[in-house]
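Trainee: I would like to learn how to read a model like this one with care, going step by step from the whole chain to single residues. Could we look at it together?

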Amino acid sequence: MTDTTATSPDDGDLVEALPPGDVPAHVEEAIRTLIRWAGDDPTREGLVDTPRRVAKAWREYCAGYRDDPALHLSRVFEEVGGYDEIVLLKDIPFQSHCEHHMAPIIGKAHIAYLPRNHVVGISKLARVLHGFARRLQVQERLTAEVADCIWENLKPLGVAVVIEATHACMAARGVRTPGVGMVTSRMMGVFRDDDRSRKEVLALMGC
């Protein structure tokens, strides 16, 4: 049966699936061990192909380790018609995984910057987010990494990143408290130093 999950990098998907046979045997065996330890039989019909599926899924979940987010900010545009106000991309959906329990973190991000003399394609902001999110993470570090990457590479007057997410490690295990959201933010440049600018960007984000 042909694997139809592979996608072209030009179709908007940031991740390509592994080709058939590209999962090392020891990785599949490690997943079988986990299935046995959980109390099931990895040789039964419903689980026989699970180790390879899980391995491919985790390769996709962690595609950010093979991505340099800064590269997405290397091409900029200076012909902006004199525009010098806030650039904001809001409600960017993302999925990551908690580094403590490898449980899903699902949320949305708002990314804004105040350009100095050039801008970047808006899709690149989302690519920066996904480059860091598709790694084992904590939300606080993810927020800082996205903001720092934009600050260091675009050199704008200000950067603001706000991330809202839910954590399965809290909702599905441990304290088992679903419906709780976590909000983190990082303000840099004028958004940190100037109260009016900070209020303006937060208002535009709807925060």
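Mentor: Taking contacts (heavy atoms within 4.5 Å), we find that, of those in the protein with a separation of 6 or more, the share between residues 24 or more positions apart is 67%. This is a predicted model, in which local features need pLDDT of at least 70 and side-chain atom pairs count only at pLDDT 80 or more, while totals for chains, interfaces and linings use all residues. Residues are numbered from 1 along each chain as its sequence is written, and side-chain values use heavy atoms, with hydrogens and water left out.

Trainee: What pattern does the protein follow when read along the sequence?

Mentor: Helices (H or I, at least four residues) and strands (E, at least two) are DSSP runs, numbered from the N terminus. The secondary structure comes to 7 helices and 7 strands. Read in order, the pattern is α-α-β-β-β-β-α-β-α-β-α-β-α-α.

Trainee: How many disulfides does the structure hold, and is Cys149 buried or exposed?

Mentor: A disulfide is a pair of cysteine sulfur atoms within 2.5 Å, and the number in this structure is 0. Buried means under 20% relative accessible area, exposed over 50%, and partly exposed in between, with a 1.4 Å probe and protein chains only. Cys62 is buried at 15%, and Cys149, with a relative accessibility of 7%, also counts as buried.

Trainee: Which residues form the aromatic pair, and how are their planes arranged?

Mentor: Rings of Phe, Tyr and Trp (its six-membered ring) pair if their centres lie within 6.5 Å, and planes under 30 degrees apart count as stacked, over 60 as edge-to-face and the rest as tilted. A search of the whole structure finds 1 such pair. With centres 5.1 Å apart and 85 degrees between the planes, the partners are Trp58 and Tyr61, and their arrangement is edge-to-face.

Trainee: Why are Trp58 and Tyr61 separated by about one helical turn?

Mentor: Trp58 is partly exposed at 23%, and Tyr61 is partly exposed at 32%. Both lie in helix H2, residues 50–61, and they are separated by about one helical turn because their spacing there is 3 residues.

Trainee: Which residue's backbone oxygen does the side chain of Ser74 reach?

Mentor: Ser74 sits in the loop between H2 and strand E1 (76–77), and it is exposed, with 58% relative accessibility. Its C-alpha is 8.2 Å from that of Leu154, although the two are 80 residues apart in sequence. At 2.8 Å, the side chain of Ser74 reaches the backbone oxygen of Leu71.

Technical notes:
A polar contact is a pair of N or O atoms within 3.5 Å; within protein, one must be able to donate a hydrogen and the other to accept it, and residues adjacent in sequence count only if both atoms are side-chain atoms.
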